[in-house]
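This report describes a sheet, a helix packed on it, and the nonpolar cores of the model shown here.

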Amino acid sequence: MASAIEIAIEIKQLTKVYDGKVNALDGVDLTVKAADIFALLGPNGSGKTTLMRLLTTQFRPTAGVARAFGYDVVKDDAKVRKIIGYVPQEMSVWTDITGFENLLIYAKIYGVPSGQRKKSIWDALQSMGLDEVANGPVKKYSGGMIRRLEIACALLIKPRILFLDEPTLGLDPSARKAVWENLRSFKKEYGTTVFFNTHYMDEADLYSDEVAIINRGKIVKFGTASELKHSLHSEIISFSLADPGTDFKHPSTAAAPPRMLPGILERIKALNFVEDAAFNDSVLDVVVEDGEIALPAIIEVLRCDGILLDRIRSTRPTLDDVFLKYAGMRQPKTQGEVLHEASGIRQ
Amino acid sequence: MAFNDSLREMFAMIELEMRRLRHDRTEIYTRAVQPILWLAVYGTVMSHVRDIPTNGIPYIDYITPGVLLQSTIFVSVFYGLTIVWERETGILKRLLVAPASRYATVIGRAIASGVRAVVQALIIFPVAILLGVKFIPNPLYILAAFLMLFMISGGFAALSIFVASLMKTRERFMGIGQAMIMPLFFASNALYPISLMPPFLQSIAFVNPLTYAVDAVRGLMISGNVANVPADFVAVIVFDILIFTVASISFRKIIE
């Protein structure tokens, strides 16, 4: 009983067709665990905003089912609206009144009892770090402050699920950090499930528990950020070989590259964990699944051949690479292309 | 429950409008300039033309109800612009995700616009007195006249929201708004009796809700002839119910 994981959002075969022809969503299946921070990544026009608008009951799916804590977003839409908070991509506060007044209007719309109203508003303002500017007109706020105010409006009712559509779009790094730090501490306190859309990979990487990549209306990849990165299994280890022309000469190195390298390459490629290897200039690139295991073995091979190393650098795939692979327009690749692609990762 | 949610949203929308008004009153004052000019300039000049049959009422007094209504309806007819703006930003999306039903948003906003119109009229009212317009000193009549003003303004605001839900962009909306306002004003009894109009215009004036509103306000404030007032109220109530319904139904379209 205690071990059962509560499901916040459950989506099955969700489809949305616009004007009878454009498949904005094409059979989406997705499960989001309660109290998780969930990131939906996708290129522009991939369907992520459509998915969020369906989940927030703004319009109806063409087919399929979506539930928020068991409530169907079509049949129980009124109930869904009571447990969710939503911040659209575009600015969504009234700028000609104060921040406090914005929250006050929302508190009244949501029917926060008048006895608790003030406290709820100040709690929300404080959780977003806006208590000092609350009584100033919103038109004088910075972009980051407006975003935090919008989130504060959504947090007012302590929603069970908070939907954020591109929450930090157009914000500078420090404003983005402020938004996320406030969100995280709020989530910690209230156990809110956060579902956000973004195309900032670093944000998904840093702040999300799980990530899904959507492309052309379909979920193409799902997992934790590190699972996704591992799924590329293409860490590259670059060995810069010591220049044989330097004053400090090892008896065997002078003659080593490039003549002897083909043989070494064969031996390195033959290693268990190595996927591919290539030699450019004086750099040996090796593509491996797990560098920590592969590195000692490769060094051993190089040593046996008496090759001196200048430097070793390891490059792990970022979520950007994962995104490009699954949401880019690339074709499935052959084994021989692995290295080619892997070396592209570093650029 | 759902009804309570909707009622709350309506009141919240009215409060929002009042708070906006409090933060920036310039609009109310600048909007008062035009009707005052109508009375002070047009009214004064035209009162020398003695051919307009006003039943012995001075011409400025005769047009005061029309000008009062025109100025408030102008606010209402362009109220849809606020909705278009809120559609372009994320405010509407957000309101639609709130627990209240969609008609609450429409009706709440339309009523809010009506309240704004009343505030607007309250600015022009004393100026009209200063210009020598003689109102019937019956507080009940004045109150009823303001009620009519509120109802017709709310109705036109709903009409404006309806147009906004079809037009969706500022430019198209402005075009329609401009095209609506002048015929509305001239094809009514605001400036002259309907009997002076050619038959074609008369039939437009007959279905123009503004005609009934002007007739009621003129009866209550100026002429004291209130025989038609109940019928006028019925006409405006029918208009309000119709347009509130149509606007609420079409409102769904605005976010799609």
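Contact denotes heavy atoms within 4.5 Å. By this criterion, Ile151(A) touches Val87(A), Met128(A), Leu162(A), Leu164(A), Val179(A) and Leu183(A), leaving aside residues up to four places away in sequence.

## Basis of the model

The model is predicted: local features need pLDDT of at least 70 and side-chain atom pairs pLDDT 80 or more, whereas totals for chains, interfaces and linings use all residues. Residues are numbered from 1 along each chain, chains are lettered from A in the order written, and side-chain values use heavy atoms, without hydrogens or water.

## Sheet and helix

An open sheet of 4 strands in chain A has the order E12-E13-E11-E14 with antiparallel pairing; strands are DSSP runs (E, at least two residues; helices H or I, at least four), and two strands pair if DSSP finds at least two bridges between them. Strand E12 (274–280) and strand E14 (309–315) of chain A form the edges, each pairing on one side only. Strands E11 (residues 235–241) and E13 (residues 283–288) of chain A are joined by 6 bridges, and Ser238(A) stands opposite Asp285(A) in E13(A).

Helix H10 (residues 291–304) of chain A lies across E11, E12, E13 and E14 of chain A, at about 25° to E11(A). Axes are lines fitted to C-alpha atoms, for helices over the stretch in contact, with angles from 0 to 180 degrees between N-to-C directions.

## Nonpolar cores

A nonpolar core is a set of buried (under 20% relative accessible area, 1.4 Å probe, protein chains only) Ala, Val, Leu, Ile, Met, Phe, Trp, Tyr and Cys residues joined through side-chain atoms within 4.5 Å. In the largest, of 133 residues, Trp94(A), Leu103(A), Ile109(A), Ile151(A) and Met221(B) touch the most other members. Helix H7 (residues 139–167) of chain B gives the most to this core, with 15 residues.

Terms used
Buried < 20%, exposed > 50% of the residue type's maximum accessible area, 1.4 Å probe, protein only.
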